[in-house]
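Open the model in your viewer and get ready to select a few pieces. We will visit a pocket and then a sheet.

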Amino acid sequence: MPRRMVILTEGHTNPHTAKTATSLIRYCRDECVALLDSDQEGRTSQELLGVGGDLPIIASLDAAQGADTLVIGIAPQGGKLPAAWKQIVLQAIGRGMNVISGLHDFLGDDAEIAASAVAAGVAIHDVRRNSERDVASLRDFRPDCLRVLTIGNDCSVGKMVTAIEVSRGLAERGLDAKFLATGQTGIMIAAEGCPVDCVVADFLNGAVEKLVLADQHHSILLIEGQGSLFHPSYSAVTAGLLHGCLPQAMILCYEVGRRTIHGHDHIALPPLSVVRDVYESLAAAMGPSRVIGISMNSRLVSADEAQRERDRLQSELHLPVCDVFRHGRQPLVDTVADFYSEHVA
């Protein structure tokens, strides 16, 4: 049954902090009733997030007619629930609404929230909660299934949307492709997946391997990347994901104009040629893999600047380059389909 979601972004309705909200609206628009942010009442999600058309922003749950689910719509560093939001969560439960959260702080572990949910007969879905305890074995991967991992030079550069867009484009061509979610937002969109950044380190590779093996009856898997090998906070999850899914091909994602690591302005980002070489080298520890395309996030620059950057990179790296929204996803869809035809099928 479709959800009827109010997405909570109180005080944080911007494309970066509210990236969960942005992607849910982009890919699950028909299930979205409203955004909840009392500071922005009367505006629309299109105005503030660039997606959603006339999806309204409301000030309280009183205006959320027909809603049955409250979704925590932000992805803050550290994954903690803002203190003031607890009362909104309790209000939603009191109205008989289920609650979906992708935070590292599990709402179901809060005694008051848990008791309220039981009393109201509603569910608390902590998307990152897991019981993964398998270790990787590097066995049973099917050679006739192409595994494509989206990777990044940094966090929040478009790895999830690239994987979704390419998988949908391949499906439109009649190819049996599936998106595999590995993060909170992707799991909310796909209604399945593995929250790799909340798996105990020893079991991370195994959890990813299990996810892939369960879906390798499909011809092509587009696996959502997480973090970056170059990010001092999140490189471990990136490496575990890379080795756990054993990709034959990768799509490198980056944001035009970003010069330093997100949250670490004292650390410069290396050239994309270096990023490509490092990923290919580390992947090769488990099996051959190469970058076959570049997904550029050009939201902060003009169309002319984006095109100049695209031309420069294509000339320098000899790979297809595109912004899946500004230029369309077809160049990346084509390169994955060609790789599948030449190396796997």
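Which strand and helices each supply at least two residues of the lining of the second largest pocket? Select strand E10 (249-255), helix H9 (272-283) and helix H10 (303-317). Helices (H or I, at least four residues) and strands (E, at least two) are DSSP runs, numbered from the N terminus.

Before going on, note that this is a predicted model, where local features need pLDDT of at least 70, side-chain atom pairs count only at pLDDT 80 or more, and totals for chains, interfaces and linings use all residues. Residues are numbered from 1 along each chain as its sequence is written, and side-chain values use heavy atoms, without hydrogens and water.

The pocket has a volume of about 290 Å³. (A pocket is an open set of points on a 1 Å grid where a 1.4 Å probe fits, with protein on both sides within 12 Å along at least five of seven lines; lining residues have an atom within 4 Å of a point. The volume is the space filled by probe spheres set on the points, which are joined across faces, edges and corners.) Now show Tyr254, Arg258, Arg259, Glu309 and Arg312, the closest to the pocket centre among its 17 lining residues. H10 gives the largest share of the lining, four residues.

Next, select the open sheet of six strands, ordered E3-E2-E1-E4-E5-E6 with parallel pairing (at least two DSSP bridges between two strands). Its edge strands are E3 (57-58) and E6 (124-126). Zoom in on E4 (residues 69-72) and E5 (residues 98-101), joined by three bridges. Val71 has Ile100 in E5 as its bridge partner.
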